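The exercises below are meant to be worked through with the sequence and the model side by side.

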Amino acid sequence: MRSTLKASALALAAAFAAPAAFAETLSGDLKIFLDTSNPAPRATMEAMIERFGEKHPDLNIETTVIDREAYKTQIRNFLTADAPDVATWYAANRMRPYVEAGLFEDVSDLWAEPAIAENLASTKGAMTIDGKQWGVPYTYYQWGIYYRKDIYDELGLSEPSNWDEMKSNCQAIVESGRACYTIGSKFLWTAGGWFDYLNLRTNGFDFHMQLAAGEIPWTDDRVRQTFANWRELIDMGAYVDNHQNYSWQEALPFMVNGEAAAYLMGNFAVAPLREAGLTDDQLDFYQFPPINPDVELAEDAPTDTFHIPANAENKDAAREFLRFVVSAEEQTIINNGENLGQLPVNASASIDDDKFLNEGFAMLSSNSPGGVAQFFDRDFPAEMAAEAMQGLQEFMVIPDNLDDILNRLEQVRQRVY
């Protein structure tokens, strides 16, 4: 059945202004499965599908929305039997099991088209396995260091351009009686964010992905170098005390109250920091600086994706839908503040006039040549991620345990892969 949601006049105008390549006549049924079950993402996706349907009146579109957690348990079953034509999922290692099982369609032909190849270049690596592309991204958001600009100004500090400057800043902050960084590692994944950036900056994107794929031992000297860099911050007293007792939200007040100067976090932290009273004059953002100058900058930017199941019946319409989703016009609409409130993946899209979204968009579109990682618990298989993040938190609390931690994780690696 067709959705009856009405798109705004602006959205319809943008949709009808799309390139002529989208005007191909399509017919038959197009079945779309979505995991965007929360109200705002659901409404955004349904409105987008309605706009696509307006352009293809002979196409019967059937949309099924499944609760996100239920979707995760059902996806293998529905990809195997009675597959839809298009399905949402996630990039990088999260799509690997379905690629290796032959359940996702190779869409490298789409990525060979100039409009996609040029405008989605920063996300290509996240969609690539074995040299082929297996879907398209539709939204992502930046990670980086959000900091108290007023504290930096008070101490005469500027945004660091390299690792030495980052440590020098931290020393000055510690000497002022503050922690450099707040963090709540109670639920482990925030420690994964620190490892991601330190390893990406120490060893690079390809190495990080090889580690995530189980191809490199945790006891490798290059992994140890990442932890050696991390220990410099730990030994300096860079982090708030007792962070293992706090969730990420419970760690926010340290920054709001000025007891910590910065937070390595995703852009979703901006809203609660603003709501807690920090103004945009007090709050600013910088890209995690280089550590190894020979390594290209890569970023964490968790990416949500659309895929064509290998068993889909209407692959022509599905490909046209994927082209539509990643067009600059649609990327501008679905990612604006009234909809997903995240970053468009198309470098030619427009974004809301928000300074953090602007900085994140510029960083991911033009200053992440090393690639875009998906975040620790998306890039590593679930069992490896769970064990490793416990080890990362333990290291932050008791860094002398490193040898035991790495030996344990190496045993897990040999079992998991």
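Two strands are said to pair if DSSP finds at least two bridges between them. By that rule, strand E3 (residues 86-90) and strand E12 pair in the antiparallel sense, over four bridges. Keep in mind throughout that the model is predicted.

**Exercise 1. Confidence**

Task: Find over which residues pLDDT stays under 50, and state the mean pLDDT of the protein.

Solution: Begin with the whole protein, where the mean pLDDT is 92 and 94% of the residues reach 70 or more. Then look at residues 1-23, over which pLDDT stays under 50, and for which the model has 41 contacts beyond four places in sequence. Where pLDDT is low, the predicted coordinates should not be read in detail.

**Exercise 2. The sheet of five strands**

Task: Work out the order of the five strands in the open sheet, and say which strands stand at its edges.

Solution: Step one is the order, which reads E2-E1-E3-E12-E6, with mixed pairing. Step two concerns the edges, where strand E2 (59-65) and strand E6 each have a single partner strand, so one side of each is left without a neighbour in the sheet. On average, and with direction ignored, neighbouring strands of this sheet are turned by 25° against each other.

Step three follows the pairings. Strand E1 (residues 28-34) pairs with E2 in the parallel sense over seven bridges, and Gly28 stands opposite Leu59 in E2. Two helices can then be placed: helix H2 (residues 39-55) lies across E1, E2, E6 and E12 and runs at about 170° to E2, while helix H3 (residues 68-80) packs on the sheet, touching E1, E3 and E12, with its direction at about 120° to that of E3.

**Exercise 3. Strand E12**

Task: Decide how many residues of strand E12 (residues 303-307) are buried, and which residues lie on each of its sides.

Solution: Taking buried to mean under 20% relative accessible area, five of the five residues of E12 are buried. In a regular strand the side chains alternate between the two faces of the sheet. In E12, Thr303, Thr305 and His307 are on one side and Asp304 and Phe306 on the other, and both faces are covered. The partners complete the picture: His307 is the bridge partner of Ala87, and strand E6 (residues 136-140) pairs with E12 in the antiparallel sense over four bridges, with Thr303 as the bridge partner of Tyr140.

**Exercise 4. The sheet of four strands**

Task: Trace the open sheet of four strands and explain why strand E7 is largely enclosed by the rest of the structure.

Solution: The order is E8-E9-E7-E10, and the pairing is mixed. Strand E8 (179-182) and strand E10 (283-286) stand at the edges, each with a single partner strand, so one side of each lacks a neighbour in the sheet. From one strand to the next, the twist averages 30°.

Next, consider E7 (residues 143-148), which is joined to strand E9 (residues 260-266) by five bridges in an antiparallel arrangement, and to E10 by four bridges, again antiparallel. Tyr147 stands opposite Ala262 in E9, and in E10 its bridge partner is Asp284. Helix H8 (residues 163-175) packs on the sheet and touches E7, E8 and E9, its direction making about 105° with that of E8. Helix H16 (residues 355-366) also packs on the sheet, touching E7 and E10, with its direction at about 5° to that of E10. Finally, six of the six residues of E7 are buried, so the strand is largely enclosed by the rest of the structure.

**Exercise 5. Aromatic pairs**

Task: Classify the ring pair of Trp89 and Tyr98 and that of Tyr147 and Tyr152.

Solution: A search of the whole structure finds 36 aromatic pairs. For Trp89 and Tyr98, the centres are 5.6 Å apart and the planes are at 85°, so the pair is edge-to-face. For Tyr147 and Tyr152, the centres are 4.4 Å apart and the planes are at 50°, so the pair is tilted. Accessibility comes next: Trp89 is buried at 4%, and Tyr98 counts as buried at 9%, while Tyr147 is buried at 4% and Tyr152 at 2%.

Key
Residues are numbered from 1 along each chain as its sequence is written. This is a predicted model: local features need pLDDT of at least 70, side-chain atom pairs count only at pLDDT 80 or more; totals for chains, interfaces and linings use all residues. Side-chain values use heavy atoms; hydrogens and water are left out. Axes are lines fitted to C-alpha atoms, for helices over the stretch in contact, and angles run from 0 to 180 degrees between N-to-C directions. Contact means heavy atoms within 4.5 Å. pLDDT is the predictor's confidence in each residue, from 0 to 100. Rings of Phe, Tyr and Trp (its six-membered ring) pair if their centres lie within 6.5 Å; planes under 30 degrees apart count as stacked, over 60 as edge-to-face and the rest as tilted. Buried means under 20% relative accessible area, exposed over 50%, partly exposed in between (1.4 Å probe, protein chains only).
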